[in-house]
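Open the structure in your viewer and keep the sequence panel beside it. This tour goes from one selection to the next and says what is there.

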Amino acid sequence: MTDAPIRKPRRRFARGQSRPEYLQPGDIDQVMIMLVALMSEVSALRDRIDTHEAVADLGGTATTDAIEAYELTPERHAAREAKREAMLKRVLRVVTEERDAAATDGPVKKATA
């Protein structure tokens with residue numbers, strides 16, 4: 001144990017003020033569009049990294065020409081699709097759980113991390 005003093009967390013807003021709200025209910029759709037666009041970008045980057053790894057596995061050097069000339073194998077394509085599906089399932093879990101619960105009229109379970 002150390003004798004370091006215990007620091008209290010700093011307040012991020014002035015006394016007497018309520019916590020700032022950045023989003024309005026109508027902003028949720030825009031946030032969802034941004035989230036889907038970001039997932040698309042992440043997926044494209046993952047595919048690009050996978051292509052680099054595939055070229056390296058073949059013993060080549062990951063040059064722009066080698067990356068662009070790479071022919072995707074059916075096995076690698078299936079692996080990419082599986083990873084993409086898993087990412088979508090993880091990221092959109094809260095939305096799909098609520099949708100599924102609403103479809104069955106069951107209670108909505110809150111997702112935990």
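Predicted model: local features only at pLDDT ≥ 70, side-chain atom pairs only at ≥ 80, totals over all residues.

Start by selecting Glu68, which is exposed, with a relative accessible area of 54%. Residues are numbered from 1 along each chain as its sequence is written, and side-chain values use heavy atoms, with hydrogens and water left out.

Side chains of opposite charge can pair when their charged atoms come close.

Now zoom out and colour by secondary structure. The chain has four helices and zero strands, in the order α-α-α-α along the sequence. Helices (H or I, at least four residues) and strands (E, at least two) are DSSP runs, numbered from the N terminus. Of the 113 residues, 12% count as buried.

Select helix α1, residues 28-57. How far apart are its end C-alpha atoms? They are 43 Å apart, which agrees with the 44 Å that the 30 residues of α1 should span at 1.5 Å a residue; the expected span is 1.5 Å times one less than the number of residues. Within α1, the buried residues are Met39, Ser43, Asp47, Asp50, Thr51, Ala54 and Val55. Their cover includes α2 and α3. Just after α1, look at Gly59, which takes a positive phi of about 90°.

Go back to Asp50 in α1. Is Asp50 buried or exposed? Asp50 is buried, with a relative accessible area of 11%. Leaving aside residues up to four places away in sequence, Asp50 touches Arg76 and Arg80, where contact means heavy atoms within 4.5 Å.

Next, select helix α3 (residues 74-91), where Arg84 and Glu81 are three residues apart, so about one helical turn separates them. Their side chains meet in a salt bridge of 3.1 Å, N to O. Glu81 is partly exposed, at 32% relative accessibility.

Move on to Asp100 and Arg99, another salt bridge, with closest N and O atoms 3.0 Å apart. Asp100 is partly exposed at 40%, and Arg99 is exposed at 52%. Elsewhere, salt bridges that share partners join Asp50, Asp57, Arg76 and Arg80 into one network. The structure holds seven salt bridges.

Finish on the surface. Select Tyr22, Leu23, Ile28, Val31 and Met34, which form a nonpolar patch with about 570 Å² of accessible area together. Patches are made of residues with over 30% relative accessible area and no salt bridge, like charges being joined within 9 Å and nonpolar side chains (Val, Leu, Ile, Met, Phe, Trp, Tyr) within 5 Å. Accessible areas come from the Shrake-Rupley method with a 1.4 Å probe, and for residues only the protein chains shown count as cover.

Notes
Buried < 20%, exposed > 50% of the residue type's maximum accessible area, 1.4 Å probe, protein only. Salt bridge = Lys/Arg side-chain N within 4 Å of Asp/Glu carboxyl O.
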